[in-house]
Amino acid sequence: MSVEASRYRELLSALLLERELAGGALPDEIESERVEALDECWWAMTNPEQEEIERSMATEARIEAPSDLGAQDVEVEEGKHVLPRKAA
Amino acid sequence: MYLTAHHVQAPTGGAEGINAFRYEHGKEWDGLPPEDIPDRNPGRLVKQTIVVPPPGNYVRSYLDVVTSDAASPTEIRQAFVTFVSQVQLHSFPWSGHFGRVRFRVEMDQGLAGAWRHEIAELYRAIQHLVV
């Protein structure tokens with residue numbers, strides 16, 4: 001992956017996560033800055049790189065995860081040095 | 001400082017919610033905190049927000065954050081966004097660090113389809129404990 005493609009992925013990831021952290025939308029000024037930076041990276045990429053990014057975006061939601069973490073929580077009193085979860 | 005948020009499900013009734021905890025170590029580190037935090041040295045629990053009371057709830061997802069007690073919310077947030085951008089194509093669990101902040105994230109299959117929303121919910125739960 002080229003420098004531009006790597007940068008594009010990082011910028012897009014940061015934008016999508018920051019939107020979620022903000023509860024759905026960023027202030028217009030910040031959103032515009034981020035989108036402008038994304039555009040610059042996008043148009044610096046070759047067509048195959050753009051296609052690769054689009055393919056990876058289409059599959060990114062399918063991240064492998066276990067069916068069960070095998071962990072349960074623990075009651076901890078304030079002041080204690082005890083982890084709040086353990087293996088089930 | 002060890003911050004952790006758990007998305008838990010009660011074994012009876014199925015109530016779900018996010019509990020969050022803040023532990024402190026009373027120390028500062030210039031770089032990353034020691035590796036034994038949190039598993040062998042969680043620190044002293046100083047604050048918690050409980051939605052579904054422990055013990056015995058199933059942990060469906062969690063976010064662990066380890067850094068100096070004095071780390072600012074801005075430092076932790078920027079490190080978190082960068083960390084996620086670096087690991088987001090990998091299978092769970094995620095672990096790694098950025099700057100002087102170490103992270104660990106895991107979630108079950110049922111939550112992984114909306115992983116970005118889930119980690120934002122977990123992050124918001126610990127954010128309240130950093131101010």
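Two residues are taken to be in contact if their C-beta atoms, placed from the backbone, lie within 7 Å. Helices (H or I, at least four residues) and strands (E, at least two) are DSSP runs, numbered from the N terminus. The structure is a predicted model, in which local features need pLDDT of at least 70 and side-chain atom pairs count only at pLDDT 80 or more, while totals for chains, interfaces and linings use all residues. Residues are numbered from 1 along each chain as its sequence is written, and chains are lettered from A and ligands numbered from 1 in the order in which they are written.

The predictor assigns the complex an ipTM of 0.91 and a pTM of 0.92.

In α1(A), the residues A:Glu4, A:Arg7, A:Tyr8, A:Leu11, A:Leu12 and A:Leu15 meet A:Arg34, A:Ala37, A:Leu38, A:Cys41, A:Trp42 and A:Ala44 of α2(A). By class, this contact holds nine nonpolar, no polar and three charged residues; Ala, Val, Leu, Ile, Met, Phe, Trp, Tyr, Cys and Pro count as nonpolar, Asp, Glu, Lys and Arg as charged, and the others, Gly among them, as polar. The axes of α1(A) and α2(A) (residues 28-44) come within 9 Å and cross at roughly 155°. That crossing angle makes α1(A) roughly antiparallel to α2(A), a label used for angles over 145 degrees. Axes here are lines fitted to C-alpha atoms, for helices over the stretch in contact, and angles run from 0 to 180 degrees between N-to-C directions.

Turning to the interface, the contact draws 31 residues from chain A and 39 residues from chain B. On the side of chain A that touches chain B, α1 (3-21) and β1 (71-73) each supply at least two residues, and α1(A) gives the most, with eight residues. This side of chain A comprises 15 nonpolar, five polar and eleven charged residues.

A:Ala65, in the loop between α3 (47-59) and β1 of chain A, counts as buried because it has 20 C-beta neighbours inside 10 Å, the cut-off being 20 or more. Not counting residues up to four places away in sequence, A:Ala65 touches B:Ser91, B:Phe92, B:Met107, B:Asp108, B:Gln109 and B:Ala112.

B:Phe92 is also joined to B:Pro93 by a cis peptide bond, with omega near 5°. B:Pro93 lies in the loop between α1 (73-87) and β5 (94-98) of chain B.

Note on methods: Angles under 35 degrees count as roughly parallel, over 145 as roughly antiparallel, 65 to 115 as roughly perpendicular and the rest as oblique. A residue is buried if 20 or more other C-beta atoms lie within 10 Å of its own, exposed if 12 or fewer, and partly exposed in between; C-beta atoms are placed from the backbone.
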